[in-house]
Amino acid sequence: MSVTPGRRRPTIRDVADAAGVSRGTVSRVINGGHWVSEEARLAVEEAIRTTGYRANPHARSLVTGRSNSIAFLLTEPQRLLFSDPNFSTLLGGAAEATTQRGMTLVLLVAGTATERENVAAYVGAGHVDGVLLISSHENEPLIGWLHDEGVPTVACGIPLGYHAPEAWVSVDESGGARQMVRHLRSRGRTKIATITGPLDTPGGRYRLEGYRAELGEAYDDRYVAHGDYSAESGQAAMAELLERVPDVDAVFAASDLMASGALVTLRRAGRTVPDDVALGGFDDSGLADTLDPPLTTMHQPFDRISAEMVQMLIEQIKGSAPKAVTMPATLVVRSST
């Protein structure tokens, strides 16, 4: 899906290919030439001339004066900003981190093709200096567009479908899932199912990988059901599991919201938690300890994730190369297991 209408114009990628350098080097030349050798600078300037590349307003704003604003870009439907506590928690943390630095945080939502076009126009006009990219799905078109345009970007989670170096902050998805499975096994559970998130998201993919790796030879496809991180999908997936594998004695849901939905279905089926079925989640964003019974879950350090993303983005805006940070998830044991 294209996010820029009309005839394609030369991009930073074209300049980088012509100059034989990285896109990061091209971006640093455009943004003032910091930490770039004279040879590379001359090659980039020549490539700009031969390709006909014209710096967009965003790039010019970095040279003449920044907007002092960054975007919190959610690539999900608008309703999820309010229904999924993870997003609001990340937004609050990012707002606090930018306020402490005297900057403005702009909320952008791009869950539809039209919204993507609007975001591309807004960001491309230089209204923000960089982007915090939240909840990207595999091959999200805005990732490629932001990269090609040289817009400093930090993703929450590992961007899927892109092999070029990207900046991201992630929790250890696979390691957290393995720890949860080990915990359930330590409770004497042997028929452990999972409810995954969407497999085109890093949380969906890597939490399933961790679950499968920890079970090893005991892994059985019948004990895997899929959801979309919502409570409703957790209800449906749990019903599917009870029908397919009625002997299930533990469930690892890849989000607390899906775990809350699974809890509703288990109660309707006359299964008690944790006596009949132990239940674990992933996130610990506030919902987990309000459930009955309170939910055992993997804690994501959302405050640290937000603060690190903002700091990394500011460093990129100033010319630093992209980097990646992985933080551990921590097991929080409550009454559901």
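In the predicted model, strand 5 and strand 11 (residues 324-327) are paired in the parallel sense over four bridges, and within this pairing Val 171 lies opposite Met 327 of strand 11. Strand 5 (residues 168-171) is also joined to strand 4 (residues 153-156), with which it runs parallel, although here through two bridges; in this case Cys 156 is the residue that stands opposite Val 169 of strand 5. The side chains of strand 5 are divided between two directions, Trp 168 and Ser 170 pointing one way and Val 169 and Val 171 the other, and all of these residues are buried. In a regular strand, side chains alternate between the two faces of the sheet.

A further set of strands forms an open sheet of six, arranged in the order 7-6-8-9-10-12 and with mixed pairing. The edges of this sheet are provided by strand 7 (224-226) and strand 12 (330-332), each of which pairs on one side only, and the twist from one strand to the next averages 20 degrees.

Turning to the helices, two packed helices are described by the angle between their axes and the distance between the axes. Helix 2 (residues 23-30) packs against helix 3 (residues 38-51) at an angle of about 85 degrees, and the two axes lie 10 Å apart. Because an angle of 65 to 115 degrees counts as roughly perpendicular, helix 2 and helix 3 are therefore assigned to that arrangement. On the side of helix 2 the contact is made by Thr 25, Val 26 and Val 29, and on the side of helix 3 by Ala 40, Arg 41 and Val 44. Classified by residue type, the contact of helix 2 with helix 3 comprises four nonpolar residues, one polar residue and one charged residue.

Notes. Residues are numbered from 1 along each chain as its sequence is written. This is a predicted model: local features need pLDDT of at least 70, side-chain atom pairs count only at pLDDT 80 or more; totals for chains, interfaces and linings use all residues. Side-chain values use heavy atoms; hydrogens and water are left out. Two strands pair if DSSP finds at least two bridges between them. Axes are lines fitted to C-alpha atoms, for helices over the stretch in contact, and angles run from 0 to 180 degrees between N-to-C directions. Angles under 35 degrees count as roughly parallel, over 145 as roughly antiparallel, 65 to 115 as roughly perpendicular and the rest as oblique. Contact means heavy atoms within 4.5 Å. Ala, Val, Leu, Ile, Met, Phe, Trp, Tyr, Cys and Pro count as nonpolar, Asp, Glu, Lys and Arg as charged, and the others, Gly among them, as polar. Buried means under 20% relative accessible area, exposed over 50%, partly exposed in between (1.4 Å probe, protein chains only).
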